Amino acid sequence: MTTTTQNTDTKFYNWKNYRCAYEFSPGNNPDAPPLLLVHPIGVGLSGKFWQRFCREWTTTGQPNPIYNPDLLGCGDSDMPRIAYNPADWAEQLLHFITTVVQKPVILVVQGALFPVAIKLVHLPNAANWVRGLVLSGPPPWPLMTSERPKWRQKLIWNLFFDAPAGNGFYRYAGTAKFLRNFSIRQLFADSQDVDGEWLEMLQLGAKNLASRYAVFSFLAGFWRENYQEDIARITQPTLVVMGEKASSISREGKQETPEERLADYLKTLPNGQGIKIPKRNVLPYESPGEFVAVVAPFVAAL
């Protein structure tokens, strides 16, 4: 496949007639298995979420190339007005792996995008394209093992998110005040880590109001189903990295401790290992040094 570049960092490819963006870092060894980063979904979020991780990975001399795509509906990728679900993004990423990367990858997945990785590894012919997984702060176990009714998801989408009220809410959610308060309350362990770089990234990403459809799809719960059996069928080596102060945005996981969450994942993953590191829910941004320090040995062992 031929790709074109907008600048030295951003490249593009086509999937289902959509133009999708990604960034590539060559690493020190082109023969090392590449990392494929899966960014979280949220107001203003895109592949730029991984910039601190990528800088730390390069600065510490890690050999692996990095592919950092923007999911459809996010960043520099096209943003159609559709309801997104994990299966859509999984198909997009498998297409990206097979046509752009063209070799097996190690998935590094942030937070509640773990369902995308689950759908991806279980797609037909996908098993040979994923060598391992790194889960950064995956969702509370109760959220991953309980299904939200489909009618409720569609009702929330139609009545609020795909309506004028949703437009107004997204404008408010893109303000510095909202983003700072939400980040302190739900994402970061320390308020001083919610810095200008973080807020500027989110505000810039939220300026394109078409980015709200991916965010609203997530908030409507289109990702919610019982994944327990599918998690138990993941045969690839999987590293679960949990924040020492990990918390839940949803009430279903409020009573769960980080230790309990980690234990539930490791009980279910056939080939899993886990570790806790400092901070809370956005570890590659809060603790890039500590995150790279535990991911690099796992990746090297693969």
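Where does arginine 280 lie? Arginine 280 is found in the loop between strand 9 (272-277) and helix 12 (283-286); helices (H or I, at least four residues) and strands (E, at least two) are DSSP runs numbered from the N terminus. The model is predicted, with local features requiring pLDDT of at least 70, side-chain atom pairs counted only at pLDDT 80 or more, and totals for chains, interfaces and linings using all residues. Residues are numbered from 1 along each chain as its sequence is written, and side-chain values use heavy atoms, with hydrogens and water left out.

Arginine 280 is buried yet has no salt bridge. Buried denotes under 20% relative accessible area, exposed over 50% and partly exposed in between (1.4 Å probe, protein chains only). A salt bridge is a side-chain nitrogen of Lys or Arg within 4 Å of a carboxyl oxygen of Asp or Glu. The nearest side chain of opposite charge, glutamate 286, is 6.7 Å away; Lys and Arg count as positive and Asp and Glu as negative, while His and the chain ends are not counted. The side chain of arginine 280 reaches two backbone oxygens, that of arginine 185 at 2.7 Å and that of isoleucine 184 at 3.2 Å. With neighbours within four places in sequence left aside, the contacts of arginine 280 (heavy atoms within 4.5 Å) include Phe188, Gly243, Lys245 and Glu286.

Gly243 belongs to strand 8 (residues 238-243), in which six of the six residues are buried. On one side of strand 8 are Thr238, Val240 and Met242, and on the other Leu239, Val241 and Gly243. Strand 8 pairs in the parallel sense with strand 9 over six bridges, where pairing requires at least two DSSP bridges between the strands. Strand 8 is also joined to strand 7 by four bridges, and these two strands run parallel. Leucine 239 stands opposite valine 134 and opposite glutamine 273 in strand 9.

Strand 6 (residues 105-110) is largely enclosed by the rest of the structure, because six of its six residues are buried. Strand 6 pairs in the parallel sense with strand 4 (residues 35-38) over four bridges and with strand 7 (residues 130-136) over six bridges. Valine 109 is the bridge partner of valine 38 and of leucine 135 in strand 7. From strand 6 the chain crosses through helix 3 (residues 114-121) to strand 7 in a right-handed β-α-β crossover, that is, with the strands pointing away from the viewer, the path from the first strand over the helix to the second runs clockwise. Seven of the eight residues of helix 3 are buried, and their cover includes strand 6, strand 7 and helix 11 (258-268).

Conventions: Polar contact = N/O pair within 3.5 Å; in protein donor to acceptor, adjacent residues only side chain to side chain.
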